[in-house]
Every structure is written in structure tokens, then in C-alpha cells.
Amino acid sequence: MIIKNGTLVDPESGVYAKKDLVIEGQKIVRLDENINPNEYAGSELVDADGLTVAPGFVDVHTHFRDPGFTVKEDIHSGALAAAAGGYCSVVCMANTSPAIDNPAIYKEISKKMQAEAINLFQAATVTLGRAGRETVDFGGLKAAGVLLFTDDGSPITDETVIESAMRSAASLNAVLSFHEENPAFIGTSGVNSGKAADALGLKGADREAEISMVRRDLELALKYGCKIDIQHVSAAESVELIREAKKNDSRGLIHAEATPNHFSLTEDAVSEYGTLAKINPPLRTEKDRLAIIEGLSDGTIDLIATDHAPHTAAEKARDFADAPSGIIGLETAFSLGLKNLVLSGYLSITELVRLMSCNPARLLGLNAGSLAVGSQADIVLLSLDDETHYSSFKSRSSNTPYLDKTLPGRIAGTICRGSFVYRS
């Protein structure tokens with residue numbers, strides 16, 4: 001395959017230029033100006049004039065609900081949604097039924113994932129059954145291929161369990177990813193304690209629920225030399241705690257995510273969209289949203305992760321307190337980043353690609369997130385000038401405030417392992 005006339009954006013190599021690109025098999029084999037297609041007779045020619053050619057996106061935090069909740073999403077529908085969003089590599093969370101807490105079930109679900117056209121990776125839990133009491137067999141799971149461990153959706157409140165997990169993970173150079181919400185500070189989850197919760201007559205989730213656990217886990221990660229990912233940061237104080245911890249982190253241990261939801265919306269969305277804006281941790285204030293954007297701008301937050309969380313329409317139609325938390329995000333993430341970060345003047349397109357592709361690939365140690373010769377040919381073709389109307393989704397679910405909305409940007413095509421997996 002030859003991709004001609006596109007503008008290549010590769011933060012890893014510093015390339016931002018009009019260049020052609022050649023793919024043979026699953027690898028990028030050549031970058032050059034004005035490559036003659038006749039040199040590669042029989043190769044597919046892709047005219048990328050007017051498009052940005054970037055490393056395919058990598059998501060370290062998504063939910064495919066398989067096994068156990070496939071009415072919401074399954075591995076195949078999730079992979080289709082990811083490809084439509086420009087994602088070539090996705091890590092699926094372990095809060096399934098049963099939970100992914102042993103090598104046998106990990107291998108079973110991973111085998112299903114290998115049949116898909118994109119790169120899928122299954123996370124394992126930190127504790128058995130996500131119960132927060134006893135840690136998993138880190139060595140056995142790491143040997144089976146696990147790249148990331150998380151009890152996502154179930155915060156681990158017992159500090160001795162966290163310490164045990166960090167010692168094990170540090171010895172294996174494994175990544176622990178943490179959902180930071182202490183239930184002691186939460187009345188009703190999914191809505192910020194304050195005006196949004198007051199309007200619903202609920203107590204809501206106080207910001208200290210996140211802040212207290214972020215503070216604890218940053219301190220312990222530095223103490224034990226454990227690589228961690230602070231998930232879906234929502235509070236300004238958390239951003240500052242991560243910023244200060246990184247000043248003392250010479251080993252690259254501390255990483256943090258922002259979701260498009262948290263850098264795009266505030267608690268005001270709850271009044272407008274109801275349960276479609278219910279997420280954990282909740283949308284907070286404009287001050288928090290801007291602090292998250294500042295964290296993305298200065299490198300404090302080094303990952304954009306979707307926290308793609310499908311739910312059925314019937315579930316989201318329940319009363320607010322009874323409805324599940326979560327918003328789908330794989331298909332809208334690029335548009336929201338373009339709108340709220342790039343076109344708003346906070347980041348360049350190069351910086352957005354770094355956050356959505358290069359940095360998450362480096363965290364997981366993948367041969368992805370780069371357009372360098374020899375890299376796996378995982379590529380996204382982006383239109384920065386077009387718009388996308390989100391009238392339907394490849395996902396099985398449509399629980400999002402952006403249904404029937406038009407947003408800037410378009411995924412023109414997604415190439416994974418050298419072959420198109422999505423074209424618009």
C-alpha cells in the first residue's frame with residue numbers, strides 16, 4: 001500500500017510534513033517525498049490529499065463488556081467502534097462477569113480478541129474478584145501476556161492491599177491502573193457534590209473521594225517504584241498532586257488519564273442530558289475542566305483515554321440514582337479532542353496525537369504510536385476540516401450526549417497491521 005499526498009504527523013520522530021508512505025505486509029517500509037507508484041506495481045494507492053496521516057490511536061481504558069454483559073457491547077462490536085474512532089489498539093477493562101483475575105480466563109478472552117481486525121488487549125484485575133481483599137497472581141498473569149492490571153469500577157480502599165500489589169507489580173515492571181474514588185465520600189455516584197447534585201436532591205460524589213486516593217497512590221508508587229496510571233482525572237486538586245509527584249519521579253512511574261468527557265463537559269451537562277452525563281468520577285466544574293486541559297498541555301496528564309462505557313437505553317432511562325454511570329467514547333474522542341483542545345487553542349494537532357497514540361503506546365510497550373520505518377503499520381487518516389454528524393454508532397450502545405450532534409473532524413480511514421479496518 002502507498003499513501004500519497006498526506007501530511008504526516010509523527011510526534012515520536014518530529015515529522016510534520018507532506019510525505020508519502022509505503023506499507024509492505026504489516027510494516028511501514030519507506031517514507032519519502034513524491035514516491036513513484038510505479039516502483040510498487042500492484043500496490044493499493046491511497047490518495048491522502050487534504051488529510052493528516054498519523055499513528056493509529058491507542059486506548060488504555062475501555063469497556064467491551066465481554067464476558068457477562070454483551071447486550072451492551074461485545075468484543076466484535078467494540079472493535080468495530082474502535083476502528084471507526086481511529087483506534088488500532090485498545091485495552092479492555094477487567095470488570096466483566098466473571099472478572100479477569102486468573103490466567104485461564106485471561107487466555108480464553110484473549111483468544112477471542114485475536115480474531116478481530118484491530119489489536120485488542122485484555123487487562124486483568126488487581127484483586128481476586130475485584131473484591132479488594134486479596135491480590136491476583138501477578139506473575140502468572142504477566143507471563144500469560146497481561147500488560148495492565150486494574151480493578152476499574154471498584155476502588156481499592158485497603159492500603160495494605162495496594163502496598164502488596166505495588167511490590168509485586170514493581171518486581172515485574174507491570175502497570176497498575178487505579179479508579180480513584182473513596183466510597184466514604186460518595187452519597188450518590190456519578191454526579192458532582194454541589195449544584196448538580198442539589199438540583200437532583202442528591203448528595204453526590206465529593207471531590208475528596210478522588211483527591212484522597214490520588215494522594216495516597218502517588219506517594220505509594222514513588223515509595224515502591226511501581227508504575228501506575230491514575231484513571232479519568234476529574235478534579236483540579238488531583239491534577240496538582242500529579243504535577244507535584246512527577247517532579248519527584250525520575251523513573252517515569254507516574255502516568256495519568258483524562259477522558260474527552262472531563263475535558264469537554266462540566267456538571268452543567270447533567271441538567272441538560274440527565275443520565276447520559278452520569279459518569280464516575282463525575283463531571284465537575286469549569287475550573288476543574290480547565291485544570292485538566294492545563295494538565296494535558298504541560299504533560300502532567302500524559303494520556304487521553306476514552307473510558308468507553310456502553311449501557312443499554314433501558315438502563316439509562318432509569319431514575320438518576322439508579323441508572324448506571326458511563327458514556328460511550330471511542331467514536332467521538334477525536335472530534336472532542338479537536339474541538340476542545342486543538343481548535344480552542346490549547347494543543348497542536350501533534351500534541352493531540354501524542355496524547356492519543358504515542359504516549360499510551362509507550363506506556364504499554366507496544367510497537368505502535370509511530371510512523372517510523374519498521375513500525376507496525378497502524379495508521380489513522382484524519383480530516384481536520386470536515387465535520388461528523390453522530391446519528392448512529394458502530395457500538396451496540398448509544399449512551400452519549402453527542403447522539404445527533406455534529407462535531408468537527410472526521411476519521412477518513414483506519415489502517416491496522418497494514419490493512420484498512422475502517423473507511424468513511
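## About the model

Because the structure is predicted, local features need pLDDT of at least 70 and side-chain atom pairs count only at pLDDT 80 or more, while totals for chains, interfaces and linings use all residues. Residues are numbered from 1 along each chain as its sequence is written, and side-chain values use heavy atoms, with hydrogens and water left out.

## Salt bridges across the sequence

Side chains of opposite charge can pair when their charged atoms come close. A search of the whole structure turns up 20 salt bridges, each being a side-chain nitrogen of Lys or Arg within 4 Å of a carboxyl oxygen of Asp or Glu.

One of them joins arginine 362 to glutamate 12, at 2.6 Å from N to O. Arginine 362 sits in helix 13 (residues 349–364) and glutamate 12 in the loop between strand 1 (2–10) and strand 2 (15–24), so this pair ties together parts that are 350 residues apart in sequence. Helices (H or I, at least four residues) and strands (E, at least two) are DSSP runs, numbered from the N terminus. Arginine 362 is partly exposed at 36% relative accessible area, and glutamate 12 is partly exposed at 38%; here buried means under 20%, exposed over 50%, and partly exposed in between (1.4 Å probe, protein chains only).

Glutamate 44 and arginine 423 also meet in a salt bridge, again given as 2.6 Å, N to O. Glutamate 44 is in the loop between strand 3 (27–32) and strand 4 (45–47), and arginine 423 is in strand 16 (residues 419–423), so the pair ties together parts that are 379 residues apart in sequence. Glutamate 44 is partly exposed, at 34%, as is arginine 423, at 49%.

## Local pairing and a network

Within helix 10 (residues 286–298), glutamate 286 and arginine 289 lie three residues apart, about one turn of the helix. Their side chains form a salt bridge at 2.9 Å, N to O. Glutamate 286 is partly exposed at 38%, whereas arginine 289 is buried at 12%.

Elsewhere, a network of salt bridges links Arg30, Asp32 and Glu39.

## A look at helix 4

Helix 4 (residues 159–172) has 14 residues and spans 20 Å from first C-alpha to last, close to the expected 20 Å, which is 1.5 Å times one less than the number of residues. Its buried residues are Val161, Ile162, Glu163, Ala165, Met166 and Ala169.

These buried residues pack against helix 3 (138–144), strand 10 (175–178), helix 6 (208–224) and strand 11 (227–230), where contact means heavy atoms within 4.5 Å. Just after helix 4, asparagine 173 adopts a positive phi of about 55 degrees.
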